[in-house]
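Here is a short report on one protein model. Keep the sequence and the 3D view side by side as you read.

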Amino acid sequence: MSGPQSSILQVNDLETRFFTRKGIVRAVDGISFAVGKGRIVGIVGESGCGKSVTSLSIMGLVPSPAGKVTGGSIIFDSQDLITLGSREMCAIRGKDISMIFQEPMTSLNPVYTVGRQVGEALRIHAGADKNEIRERVIEAFDQVGIPEPAARVNAYPHQLSGGLRQRVMIAMALICEPRLLIADEPTTALDVTIQAQILELMMKLRDRLDTAIIMITHDLGVIAEICDDVNVMYAGKIIETSDVFTLFRQPAHPYTQGLLRAIPSITTPGKRTRLASIDGMVPNLLHLPAGCRFQPRCEAAMEICCRREPPLVALGDGHRVRCWLHQKKGESK
């Protein structure tokens with residue numbers, strides 16, 4: 001896994017809170033991870049675990065005044081993004097760091113052509129003229145596999161299929177050739193054929209531009225397909241981190257093991273098997289359980305799990321886990 005020296009992005013003890021009438025929501029609670037140049041780093045977990053809030057924190061897009069990054073640092077290009085003002089972040093956002101949002105239909109403006117929307121970043125960050133912008137947008141559409149790109153630049157979002165809208169979003173994110181791309185559930189609501197095409201496209205673009213990618217998803221199949229490193233999140237915490245091969249061969253945390261058991265598999269024809277599941281629900285972030293946050297759902301929970309939150313333990317070669325079962329096997333970090 002990439003260390004701080006080789007990292008294009010280093011997130012350290014990041015904390016993001018939402019201040020509501022009912023109390024403080026600890027959406028992201030002291031997470032740390034690194035993204036190396038040209039690496040694809042996955043953040044995986046159930047809905048509500050803090051994945052998307054992590055991405056919004058990096059982009060400086062946490063909705064305020066309710067939401068706020070309250071601690072830690074996000075180091076990109078030797079700068080702490082948390083300390084930058086809105087104008088400084090605008091200069092980085094879309095140029096050096098770009099993001100693909102979950103729902104292209106709600107992210108694209110219905111009253112403007114997709115060509116105009118994709119070209120907006122070039123106008124802002126590169127000062128390109130109208131003709132140059134059109135040429136670059138057509139080239140970007142061609143690179144992401146949009147058929148008849150010269151005609152599509154004049155199309156409106158509702159005139160395109162879900163797969164084409166997602167390709168437009170990828171073209172928009174990559175038009176300025178960013179060094180870091182954040183993809184938040186980029187294949188949600190797409191059929192499996194289009195999902196595979198989008199993932200293949202992102203890997204090709206990574207290879208061509210050497211862009212680092214943070215892949216945010218709940219789908220371990222996507223993680224296995226394209227990621228180099230993986231961070232498993234649960235209730236605002238990273239509970240396991242490793243390279244992708246180690247995670248699938250030797251998952252250490254009971255939650256990660258449960259996620260892997262829940263993946264459907266091909267069984268003997270005619271034989272019915274019940275899908276495995278993890279009992280219980282993700283805890284309410286307003287009322288977190290004492291000790292380990294997963295202990296109410298964990299079959300291996302011990303008495304200490306109900307009293308004390310486990311530290312991250314190093315199991316070797318970049319593999320770390322937040323679980324009392326492994327406390328004696330590794331070294332606390």
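How many disulfides does the structure hold? It holds 0, where a disulfide is a pair of cysteine sulfur atoms within 2.5 Å.

## About the model

This is a predicted model: local features need pLDDT of at least 70, side-chain atom pairs count only at pLDDT 80 or more, and totals for chains, interfaces and linings use all residues. Residues are numbered from 1 along each chain as its sequence is written, and side-chain values use heavy atoms, leaving out hydrogens and water.

C292 is in no disulfide. The nearest cysteine sulfur belongs to C305, 5.9 Å away. That is too far for a bond.

C292 is buried, at 12% relative accessible area. C305 is buried too, at 8%. Buried means under 20% relative accessible area, exposed over 50%, and partly exposed in between (1.4 Å probe, protein chains only).

## The largest nonpolar core

A nonpolar core is a set of buried Ala, Val, Leu, Ile, Met, Phe, Trp, Tyr and Cys residues joined through side-chain atoms within 4.5 Å. The largest one has 92 residues, and L9 and I214 touch the most other members. Helix α7 (residues 162-174) gives the largest share, 7 residues. Helices are DSSP runs (H or I, at least four residues), numbered from the N terminus.

Leaving aside neighbours within four places in sequence, L9 is in contact (heavy atoms within 4.5 Å) with several residues, including F33, I58, L180 and I214.

## A residue in helix α7

L164 lies in helix α7. L164 is buried, at 14% relative accessibility. Beyond four places in sequence, L164 touches I146, P147 and R152.

Conventions: Helices (H or I, at least four residues) and strands (E, at least two) are DSSP runs, numbered from the N terminus.
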